[in-house]
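Please look over the chain shown here. The paragraphs after it go from the overall fold to single residues.

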Amino acid sequence: MDFNANAHYVFDVAKNVNVYPLAGITVVATHGLPEGRDNQTMAGFNIGGGAEFFLAPQWKLNLEMKYQYAEKEDTYKFGDAKYSIKYEAEGPVFQAGLAYCF
């Protein structure tokens with residue numbers, strides 16, 4: 001599960017077509033073992049871009065691709081020894097949407 005806040009700047013490149021770069025922040029929650037021992041919440045960033053295609057005056061199709069990266073490092077102590085574990089969530093995210101414009 002992830003939550004994102006992204007900023008877009010839209011460029012009008014052709015009739016009924018817009019493109020935009022995006023950048024933002026993300027919070028990713030992972031769920032591991034049923035007992036909840038491997039559940040992690042990590043913060044990170046997004047970077048990518050997308051396009052809007054107006055199908056009609058009020059309807060548009062949206063296609064977007066972004067790279068998402070989040071990480072967290074935990075340190076555990078067992079006796080006198082310390083161990084660090086680095087958790088990462090990264091990779092491309094593809095999205096498609098249909099929107100009604102008021």
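This is a predicted model: local features need pLDDT of at least 70, side-chain atom pairs count only at pLDDT 80 or more; totals for chains, interfaces and linings use all residues.

Residues are numbered from 1 along each chain as its sequence is written, and side-chain values use heavy atoms, with hydrogens and water left out.

Start with the fold. The protein chain has six strands and zero helices. Both kinds of element are DSSP runs numbered from the N terminus: helices are H or I with at least four residues, strands are E with at least two. Read along the sequence, the pattern is β-β-β-β-β-β. The radius of gyration is 19 Å, well over the 13 Å that the globule rule gives for 102 residues, so the chain is more spread out than a compact globule. That radius is taken over C-alpha atoms, and the globule rule is 2.2 Å times the number of residues to the power 0.38. Along its principal axes the C-alpha trace spans about 65 × 25 × 20 Å.

Next, burial and surface. Buried residues make up 24% of the 102 residues. Buried means under 20% relative accessible area, exposed means over 50%, and partly exposed lies in between (1.4 Å probe, protein chains only). The chain exposes about 7200 Å², and carbon and sulfur atoms supply 60% of that area. Accessible areas come from the Shrake-Rupley method with a 1.4 Å probe; for residues, only the protein chains shown count as cover.

Now contacts and charges. A contact means heavy atoms within 4.5 Å. Of the contacts with a separation of 6 or more, 46% are between residues 24 or more positions apart. The chain has 8 positive and 12 negative charges, and their mean positions are 3 Å apart. Lys and Arg count as positive, Asp and Glu as negative; His and the chain ends are not counted. Each charge is placed at NZ of Lys, CZ of Arg, CG of Asp or CD of Glu.

Turn to the aromatic rings. Rings of Phe, Tyr and Trp (its six-membered ring) pair if their centres lie within 6.5 Å; planes under 30 degrees apart count as stacked, over 60 as edge-to-face and the rest as tilted. The count comes to six aromatic pairs. In one of them, the rings of phenylalanine 45 and tyrosine 67 have centres 6.5 Å apart and planes at 50 degrees, so the pair is tilted. Phenylalanine 45 lies in strand β4 (residues 40-56) and tyrosine 67 in strand β5, so this pair ties together parts that are 22 residues apart in sequence. Phenylalanine 45 is partly exposed at 39% relative accessible area. Tyrosine 67 is also partly exposed, at 31%. Ring pairs link Phe45, Tyr67 and Tyr69 into a cluster.

Which kind of pair do tryptophan 59 and tyrosine 100 form? Their ring centres are 5.2 Å apart and their planes lie at 70 degrees, so the pair is edge-to-face. The pair links distant parts of the chain: tryptophan 59 is in strand β5 and tyrosine 100 in strand β6 (residues 81-100), 41 residues apart. Tryptophan 59 is partly exposed at 37% relative accessibility. Tyrosine 100 is partly exposed at 43%.

Strand β5 (residues 59-78) also holds alanine 70. Is alanine 70 buried or exposed? Alanine 70 counts as buried because its relative accessibility is 0%. Not counting residues up to four places away in sequence, alanine 70 touches Thr26, Val28, Met42, Ala43, Gly44, Tyr87, Glu88 and Ala89. Its C-alpha atom is separated by 12 Å from that of proline 92, 22 residues apart along the chain.

Leucine 63 is in strand β5 as well. This leucine is partly exposed at 39% relative accessibility. Beyond four places in sequence, leucine 63 touches Tyr20, Gly50, Ala51, Phe53, Gln95 and Ala96.

Finish with two asparagines. Asparagine 16 lies in the loop between β2 (11-14) and β3. Asparagine 16 has a positive phi of about 70 degrees, although it is not a glycine. Asparagine 18 is found in strand β3 (residues 17-30). With a relative accessible area of 12%, asparagine 18 is buried.
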